Amino acid sequence: MVITGSAAGVYEDLPWLEPLRNFIRVGYDSRTPMLGICFGHQVMADALGGDVRKSEKGWGLGRHSYDVVRRPGFMGSAPVALSIACSHQDQVIAPPAEAEVLLASEFTPNAGLVYRNGAALSFQAHPEFADDYTLALAEMRRGKAPDAVVDKALASIAKPSHSGDVAGYIGQFFKRG
């Protein structure tokens, strides 16, 4: 299963969130292969005991660099850092006990998680975003995010992307199971 992004926050009182959390818990317990991206990353962590909130650091926009802090077999060839597109305000503040941090940055300390059941993986960033989509999203945040944050996000696209590498790591993770 793939749990993607959403405009909703996991802390909101929405009728579909608790059924989604239960669905995640059942899937996790049965070792159903599970990938979370952005909101999916956050709701997986929340459902399994982590702490997710709107970050006091504000908007994460553009291409951010994340340190690779763990290299399990499926990420054995990963460089020291990965640059991936992001668009979020919410973050996993504390990962669940079932998770180990793969990717981290000063802005997003829990940016990538691998779960101990061996079948679940999640990322705060969006490896599926093309550069033009990342740029459009950053521009859409103008007026909501400070102009300096949007301008920095637009400039960040000049950094080489590791999205293709991350897609390969995701494929390797699920292929090995």
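Buried here means under 20% relative accessible area, and exposed means over 50%. Keep that cut-off in mind on this tour of a predicted model.

**Stop 1: Arg21.** Select Arg21 in helix α1. Its relative accessibility is 11%, so Arg21 counts as buried. Asp46 sits in helix α2 (residues 39-47), so the pair ties together parts 25 residues apart in sequence. Salt bridges with shared partners join Glu18, Arg21, Arg25 and Asp46 into one network.

**Stop 2: the sheet.** Show α1 as a whole, residues 17-29. Seven of them make an open sheet of mixed pairing, ordered β1-β2-β9-β8-β7-β4-β5. β1 (2-3) and β5 are the edges; each has a single partner strand, so one side of each lacks a neighbour in the sheet. Zoom in on β4 and β7 (residues 99-104), which pair antiparallel over two bridges. Pick Val68 there: its bridge partner in β7 is Leu103.

**Stop 3: helix α3.** Select residues 131-140. Which residues of α3 are buried? They are Thr134, Leu137 and Ala138. These three cover an arc of only 100° around the axis, which puts them on the same side of α3. Turn to the other side, and Asp132 and Met140 are exposed. Cover for the buried residues includes β4 (60-68), β5 (81-88) and α4 (147-156).

**Stop 4: Arg141.** Step on to the loop between α3 and α4, where Arg141 is placed. Arg141 is buried, yet has no salt bridge. The nearest side chain of opposite charge, Asp90, is 10 Å away. Show the contacts of Arg141 beyond four places in sequence: Trp59, Leu61, Ser87 and Val150.

**Stop 5: Asp90.** Where does Asp90 find a partner? Select Lys54: the two side chains meet in a salt bridge of 3.9 Å, N to O. Lys54 is in strand β3 (residues 51-54) and Asp90 in strand β6 (residues 90-94), 36 residues apart. Asp90 is buried at 8% relative accessibility, whereas Lys54 is partly exposed at 47%.

**Stop 6: Arg142.** Finish with Arg142 and Asp147, joined by a salt bridge of 3.4 Å, N to O. Arg142 is partly exposed at 32%. Asp147 is partly exposed as well, at 45%. The model's salt bridges come to eleven.

Terms used. Residues numbered from 1 in each chain as written. Predicted model: local features only at pLDDT ≥ 70, side-chain atom pairs only at ≥ 80, totals over all residues. Heavy atoms only, no water. Buried < 20%, exposed > 50% of the residue type's maximum accessible area, 1.4 Å probe, protein only. Helix = DSSP H or I, 4+ residues; strand = E, 2+ residues; numbered from the N terminus. Arc of directions from axis to C-beta. Contact = heavy atoms within 4.5 Å. Lys, Arg positive; Asp, Glu negative; His and termini not counted. Salt bridge = Lys/Arg side-chain N within 4 Å of Asp/Glu carboxyl O. Pairing = 2+ DSSP bridges. Axes fitted to C-alpha atoms, helices over the stretch in contact; angles between N-to-C directions.
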